[in-house]
Amino acid sequence: MKKHLWQILFAASFLWASVVSVLYWQLRSNPRVIAITTDMSGADKDRPQNFQLSEMEKVTFMRQYLDRYFTYDSNNFWQSQTSLTFLMSQNLREKRIQEVQRLRDKIQSKSLNQRSLLLSLTNTGGNQYRALLSLQNQRTTGKSKSALRGCGFSD
């Protein structure tokens, strides 16, 4: 009886580990940004019509967006950059997709790895923000470059 119990526990553990590994691999190979939107039309009567996101939610969203936008490697460049385009305006979305298509082969052939670090994020008034990032580019040859980049945007 004890022998069968150990075999059953081992089989159940192995099955669980296999399922979790497959799900993790699928999630890692296909990253997605999930946007939670609010209905600003006032259709929901439980919420006031002048509902606004808190400043902390805006800053958290922008930090995550900038990290995804500026951090990529040659293997996930296309997926990471196009997954963010649905958060852009139509005009900006089309320009970004064209730019990513133009750069796709160049980046994939160079085995590039870019990491970003957000140094500061400031509200410049109203819904305008300014970010300062540190970017580090590295190729598989071991050569590394660092740069500072500033960008401005509005919500």
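Two bridges join strand E1 (residues 72-73) to strand E2 (residues 112-125), and the two run antiparallel; strands count as paired if DSSP finds at least two bridges between them. This is a predicted model, where local features need pLDDT of at least 70 and side-chain atom pairs count only at pLDDT 80 or more, while totals for chains, interfaces and linings use all residues. Residues are numbered from 1 along each chain as its sequence is written, and side-chain values use heavy atoms, with hydrogens and water left out.

**Overall layout**

- The protein has four helices and four strands, taken as DSSP runs numbered from the N terminus (helices: H or I, at least four residues; strands: E, at least two).
- Going along the sequence, the order is α-α-β-α-α-β-β-β.
- Of the 155 residues, 19% count as buried; the scale here is relative accessible area, with buried under 20%, exposed over 50% and partly exposed in between (1.4 Å probe, protein chains only).
- Taking the contacts with a separation of 6 or more, 45% are between residues 24 or more positions apart, a contact being heavy atoms within 4.5 Å.

**Strand pairing**

**Nonpolar cores**

- The largest nonpolar core has nine residues: Tyr65, Leu66, Tyr69, Phe70, Leu84, Met88, Ala131, Leu133 and Leu135. A core here is a set of buried Ala, Val, Leu, Ile, Met, Phe, Trp, Tyr and Cys residues joined through side-chain atoms within 4.5 Å.
- Helix H2 (55-70) and E3 are the elements that give two or more residues to this core, and H2 supplies the largest share, four residues.
- Apart from this core lies another, of five residues, including Tyr72, Phe77, Ile107 and Leu112.
- As background, nonpolar side chains in soluble globular proteins tend to be buried together.
- Leu133, a core member, sits in strand E3 and counts as buried because its relative accessibility is 1%.
- Leu133 and Ser116 are 17 residues apart in sequence, with their C-alpha atoms 6.5 Å apart in space.

- The structure holds one salt bridge, meaning a side-chain nitrogen of Lys or Arg within 4 Å of a carboxyl oxygen of Asp or Glu.
- The side chains involved are those of Arg96 and Glu99, at 3.1 Å from N to O.
- Both residues lie in helix H4 (residues 90-110), three residues apart, about one turn of the helix.
- Arg96 has 9% relative accessibility, so it counts as buried, whereas Glu99 has 32% and therefore counts as partly exposed.
- Gln108 is in helix H4 as well, and with a relative accessible area of 36% it is partly exposed.
- The C-alpha atoms of Gln108 and Phe77 are separated by 7.7 Å, though the two are 31 residues apart along the chain.

- Leu5, Trp6 and Leu9 make a nonpolar surface patch of about 350 Å². Patches are made of residues with over 30% relative accessible area and no salt bridge, with like charges joined within 9 Å and nonpolar side chains (Val, Leu, Ile, Met, Phe, Trp, Tyr) within 5 Å.
- Leu5 belongs to helix H1 (residues 2-29), and its relative accessible area of 48% makes it partly exposed.

Note on methods. Accessible areas come from the Shrake-Rupley method with a 1.4 Å probe; for residues, only the protein chains shown count as cover.
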